[in-house]
Amino acid sequence: MGVYTCPRVFTSSTYCCRHHPDLATRAAVNPRPGFAAGRVDSPAPFHGLSSLILRFPPNFVRQLSTKARRNCSNIGVAQIVAASWSNKDSDLSAVPAASAVDAAATAADLVVPAQIGLEDDLAAVDSEYADFGNGVQLGGLPDLKDASFLSSDGSIAIHAGERLGRGIVTDAITTPVVNTSAYFFKKTADLLDFKEKRATSFEYGRYGNPTTVVLEEKISALEGAESTLLLASGMCASTVLLMALVPAGGHIVTTTDCYRKTRIFIETILPKMGITATIIDPADVGALETALNENKVSLFFTESPTNPFLRCVDIKLVSDLCHSKGAVVCIDGTFATPMNQKALALGADLVVHSATKYLAGHNDVLAGCISGSMKLVSEIRILHHILGGALNPNAAYLIIRGMKTLHIRIQQQNSTALRMAKILEAHPKVAHVYYPGLPSHPEHELAKRQMTGFGGVVSFEIDGDLKRTIKFIDALKIPYIAPSFGGCESIVDQPAIMSYWDLSQSDRLKYGIKDNLVRFSFGIEDFNDLKADVLQALEKI
């Protein structure tokens, strides 16, 4: 990760910079290798604090028009304006966060407040950044490999990419939004330095954005990944990944239960490139071995848990098998989240998320992400830069904000879903429940080994037909009838109608989609309210 310095639009007399004392004793700032043309990739999951924090003068706010201040509310410049203008030292402290998977853990170690001093001499700053030359630029940051004060996923979700150093130099607590479509060069010599790789820049908005980089660093830290790529949606992430890693005429292996649009892409679009697929049951290891032996498999791509039946794949086992044949393993972990499952640590090469769901968590943004090794993510990034599908920095900001509460939301959703799954399974008007946290689930023991929580979605079948199931759903008062899942608000849908209504009943059954199937995404509402709502709806059918 690098430091992005803002264009010098103020003279040295109008603002000052201050150094962070935590870094004053660090002898060297090592530039990150592997950064090229609008890409920030770092092999380390934790990154250093920016050594410089810009402080703007009190009259800076008066230089903004009333309209500009209104338009910048809560983002970007307004956050900088809202920073303290005092020349006195400030204290910063971090809020303790509970583990995402241990609801009983209620306390964490407090961070020792950092005393921040001022540096009035800008000459040193000019000297230090003299080589950067143009507007938003990149420099080295020290790694905080000794950042033991972030010992839980909850703390990492809040502070990674920000408290550990970010490329936007400001003393605002929240990350500003950088709304720009391009990055300028002061003179042609700077452009030539960039083109000949003596300097770095995003160059164009499609190739990167400082706000988006903060989110990429945060997700990388949670996943334990070297690099993360943000894209415009979860489907954008999946399709770009498949096209980047599977050659023309190649072969992939995937599973029967999966998001329907992913299946449509694999079955109808990839064949146009000569790419074929073997589709297996998530638990059929023998079928995977056969496919690996009979085909030159480039990629094994699956969800775990899957949509909508929440089947689980033995990630360690399939990774070992695929790697022995030179195949890459990608796990779509959207239903699990990095709070409940670490696919990379289990052996997968890549993990994909629809960040629209749990990561953002507020049903207000579309995004997708891919995390893994720098080598593989960089390969995907090249195609992404060609195809587009860039994430808007405002969307990145919403996800950064949403991830601050990720661990708390997941705790609540895990707890509510498990308790409701047990209630539903015991109810006489429910024919079957699909949830990996239940002993009746076919991969329950596997889920207990590789997951620390079972997620907030429960699928179940009403004891009845299409109309009776509709009656149940329409009787619910709390959840919205809508696609998607993972947000604060509970959402319910009937897959036969929501996702498969264009198919005949017999064709739906080929995918296991019965007319009485319900997918319920539990939000963070009070458990007793949700329980009462579900039970009253069942009583009405």
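Two strands are said to pair if DSSP finds at least two bridges between them, and helices (H or I, at least four residues) and strands (E, at least two) are DSSP runs, numbered from the N terminus. The model is predicted, so that local features need pLDDT of at least 70 and side-chain atom pairs count only at pLDDT 80 or more, while totals for chains, interfaces and linings use all residues. Residues are numbered from 1 along each chain as its sequence is written, and side-chain values use heavy atoms, with hydrogens and water left out.

**View 1. The whole chain.** The chain holds 19 helices and 16 strands. Of its 541 residues, 55% count as buried, a word that stands for under 20% relative accessible area, with exposed meaning over 50% and partly exposed in between (1.4 Å probe, protein chains only).

**View 2. Strands S6 and S7.** Strand S6 (residues 251-255) pairs with strand S7 (residues 276-280) in the parallel sense, over five bridges, and Val253 stands opposite Thr278 in S7. Between S6 and S7 the chain passes through helix H8 (residues 260-269), in a β-α-β crossover that is right-handed, meaning that, with the strands pointing away from the viewer, the path from the first strand over the helix to the second runs clockwise.

**View 3. Leu387 in helix H12.** Leu387 lies in helix H12, which spans residues 374-387. Because its relative accessibility is 47%, Leu387 counts as partly exposed.
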